[in-house]
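Subject: Structure for your review

Dear colleague,

Please find the structure below, together with its sequence.

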Amino acid sequence: MHFSCDTNELNAALSIVSRALSARSPKPILEGILLESCDESLRLTCTDLALGIETIVPATIKEEGRIVLPGKLLCEIIRKLPGGCCSISIDDKLQATIRCASIRTKISGFDPVEYPELPEVTGDSFSMPQNTLRDMVGRTLFAIALDESRPILTGCLMEIGKTEMRVVALDGFRLALRRENIDGPNNAVSAVVGGKVLGDIAKILTDTEEPVELCFSKSHVKMDMGATHVVARLLEGEFIRYRQILPEEWQTRVTVSRAELGSAIDRASLIAREGKTNLVCFKIDGETLVVTSNSEIGDMEECLPVTTAGKDLTIAFNVRYITDVLKALSDDEIIMRFNSNVSPCVICPTEGENYLYLVLPVRVFNA
């Protein structure tokens, strides 16, 4: 095998596929990247069996062939090369010679026969803008469970109908839900994609209107975006029936500036984190929201103007759970809905239904 290509284009392609690189695998070949010639181009493939990524790089193919090269080492070598053209040739002993300018590097490869093929995924497909999917994942992924005792909650639920798509994540303490109108598939889809996998996919998606085509089978999801194709294994199991835990009524509703509330909570967290509970307390008193925190080292209080409907209320939360939600939002104003000091708080937009976040409160003696 012998080919040449632009060093920067090869480096960019390696950065994409290496997101599926297995760091420490019982199968050494999974720590490699498959390079193969195809139609006057170079195809790069990488998989850790849970996630597989394939992308195409323009190349001049002088001799066709296939080789698996050590992934981490190859990425580092190409990244440190100067710009311009580089060439890679493979001999009969699976030795790769990489040349660029006056630089020559040799590394040993693996027999590509042992490299696993990416699974075939067939079914109804649909497309949506890459930035929309990227945004939906980015604004929900923080709420997945980190505890492996319930593996299904370490991923995001994707519910796709003909006109609407939902991405849902929850960990038992908070829930994140994003909705978007789409031109969906004929048959409804409900699938759970692992959080780590989704995080890697989100980094590949561009912040543009360019389409990404999605196709789900019973065990995998395939995403096609231009020259890059991603196949990810779905998580097995039944996701929590989250719709049953979403409150439909409220006793107290507060409309507040997201930025002002976020700043107040940031200041409150300075005191809260010095305590054992890391709590922030909201006291809704008419048209005022009083944000307080205290610990053995001191206390803090700040009053915010709000628009209130319903009853006054005092409720406490883990600072991190509220902060994570506010960081995922960009609206100028948000609505918080409450039923009691031991019922979940629902955070939603002032208009529309594009998102909904639910945060469980913490029981405190004086709340």
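A residue is called buried when its relative accessible area is under 20%, exposed when it is over 50%, and partly exposed in between, calculated with a 1.4 Å probe and protein chains only. This is a predicted model, in which local features need pLDDT of at least 70 and side-chain atom pairs count only at pLDDT 80 or more, while totals for chains, interfaces and linings use all residues. Residues are numbered from 1 along each chain as its sequence is written, and side-chain values use heavy atoms, with hydrogens and water left out.

Helices and strands are DSSP runs numbered from the N terminus; a helix (H or I) has at least four residues and a strand (E) at least two. Two strands are said to pair if DSSP finds at least two bridges between them. Strands of a sheet pair through backbone hydrogen bonds, either parallel or antiparallel.

The sheet with β19

An open sheet of 4 strands has the order β21-β20-β19-β23, and its pairing is antiparallel. Its edge strands, each pairing on one side only, are β21 (298-305) and β23 (313-318). On average, neighbouring strands in this sheet are turned by 20° against each other, direction ignored. For such angles, axes are lines fitted to C-alpha atoms (for helices over the stretch in contact), and the angles run from 0 to 180 degrees between N-to-C directions.

Between β19 and β23, which are antiparallel, there are 6 bridges. Within β23, T314 is the residue that stands opposite K283. Helix α5 packs on the sheet and touches β19, β20 (288-295) and β21, with its direction at about 170° to that of β21; contact here means heavy atoms within 4.5 Å. Helix α6 (residues 319-327) lies across β19 and β23 and runs at about 90° to β23.

Strand β11 and its partners

How many of the 6 residues of strand β11 are buried? The count is 6 of the 6 in this strand (residues 155-160), so β11 is largely enclosed by the rest of the structure. With strand β14 (residues 189-194), β11 pairs in the antiparallel sense over 6 bridges, and I160 has V189 of β14 as its bridge partner. The pairing of β11 with strand β12 (residues 164-170) is also antiparallel and has 4 bridges. Here E159 stands opposite R166 in β12. A hairpin is formed by β11 and β12, with 3 residues between them.

Aromatic pairs

Rings of Phe, Tyr and Trp (its six-membered ring) pair if their centres lie within 6.5 Å; planes under 30 degrees apart count as stacked, over 60 as edge-to-face and the rest as tilted. By this rule there are 4 aromatic pairs. One of them, F173 with Y321, is stacked, at 5.6 Å centre to centre and 20° between the planes. This pair links distant parts of the chain, 148 residues apart: F173 is in the loop between β12 and β13 (174-181), and Y321 is in helix α6. F173 is partly exposed, because its relative accessible area is 46%, whereas Y321 counts as buried at 11% relative accessibility.

Another pair, F282 with F317, is tilted, with 5.6 Å centre to centre and 55° between the planes. Because F282 lies in strand β19 and F317 in strand β23, the pair ties together parts that are 35 residues apart in sequence. F282 counts as buried at 0% relative accessibility, and F317 is buried with a relative accessible area of 0%.

Individual residues

L49 has a positive phi of about 80° although it is not a glycine. This residue, L49, is found in the loop between β3 (41-47) and β4 (51-58). With a relative accessible area of 42%, L49 is partly exposed. N278, which is not a glycine either, has a positive phi of about 55°. The loop that holds N278 lies between α5 (258-272) and β19 (279-285), and N278 is partly exposed at 23% relative accessibility.

Finally, S87 belongs to strand β7 (residues 85-90) and is buried, with a relative accessible area of 16%. Leaving aside residues up to four places away in sequence, S87 touches H2, F3, S4, T97, I98 and R99.

Yours sincerely
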